[in-house]
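Hi,

Here is the structure I promised to pass on to you. Have a look at it first, and then read on for my notes.

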Amino acid sequence: TSSSSSSSSSNVLLSLENNLKAFLRTRFDEGSLRIERIRLSSGRERLEEVVSKEQVHPVKDQQDLNQRLGSGRLVYGLVHPLMTEHLLAFVHIALLKTLPTSIHAILPRHVDGSTPPPLPPNTAAAADRDDPVCYAVFYSISS
């Protein structure tokens, strides 16, 4: 009877696992997720979330955040419709005319760690029509 009891428990757990997987599949189906562009105008809470969750290349200050969301830079977040107040993940993208050789070409820093003045424009908006953006560099993905 001990083996039938353990078999019965296993069946119940397997059934529970299958039901939970089916439930989560419907709630978190990739078709139900949406992509949201994060901008300086996205609201204080959303910007604070990007700053606090950025673990790959931490945001140093407001000037750093302005650069990451400014001209030639994009940030997109993945949002679930039932949890719109939180980003599931987000990605930072730099639009560049040339392929960078290091992260410092995208996120330059002074030796003392402070943020330098913005780089000269290297973006589609600032580029001549004869010199378009050629690269979209995904330089940080956080969740």
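A definition to begin with: helices here are DSSP runs of H or I with at least four residues, numbered from the N terminus. Please also keep in mind that this is a predicted model.

With that in hand, look at helix α2. Lysine 53 and glutamate 49 are four residues apart in this helix, which means that about one helical turn separates them. The two form a salt bridge, with their closest N and O atoms 2.9 Å apart. Glutamate 49 is buried at a relative accessible area of 8%, while lysine 53 counts as partly exposed at 26%.

Elsewhere, glutamate 36 and arginine 34 join their side chains in a salt bridge of 3.5 Å, N to O. Glutamate 36 is buried, with a relative accessible area of 16%, whereas arginine 34 is partly exposed at 38%. A network of salt bridges links Arg34, Glu36, Arg46, Glu49 and Lys53, and the count of salt bridges comes to eight.

Now for the overall fold. The chain has three helices and four strands, following the pattern α-β-α-α-β-β-β along the sequence. The four strands make an open antiparallel sheet in the order β1-β2-β3-β4. Its edge strands are β1 (34-38) and β4 (135-142), each pairing on one side only. From one strand to the next, the twist averages 25°. Helix α2 packs on the sheet and touches β1, β2, β3 and β4, its direction making about 95° with that of β1. Strand β3 (residues 89-96) is joined to β4 by seven bridges, and leucine 96 stands opposite tyrosine 135 in β4.

What about the interior? Of the 143 residues, 27% count as buried. The largest nonpolar core has ten residues, including Ile38, Leu47, Val59 and Phe90. The elements that give two or more residues to this core are α2 (44-53) and β2 (73-79). Apart from it lies another core of six residues, among them Ala94, Leu96, Ile106 and Tyr139. Leaving out residues up to four places away in sequence, leucine 47 touches Ile38, Arg39, Leu40, Leu65 and Leu69.

Best wishes

Conventions. Residues are numbered from 1 along each chain as its sequence is written. This is a predicted model: local features need pLDDT of at least 70, side-chain atom pairs count only at pLDDT 80 or more; totals for chains, interfaces and linings use all residues. Side-chain values use heavy atoms; hydrogens and water are left out. Buried means under 20% relative accessible area, exposed over 50%, partly exposed in between (1.4 Å probe, protein chains only). A nonpolar core is a set of buried Ala, Val, Leu, Ile, Met, Phe, Trp, Tyr and Cys residues joined through side-chain atoms within 4.5 Å. Contact means heavy atoms within 4.5 Å. Two strands pair if DSSP finds at least two bridges between them. Axes are lines fitted to C-alpha atoms, for helices over the stretch in contact, and angles run from 0 to 180 degrees between N-to-C directions. A salt bridge is a side-chain nitrogen of Lys or Arg within 4 Å of a carboxyl oxygen of Asp or Glu.
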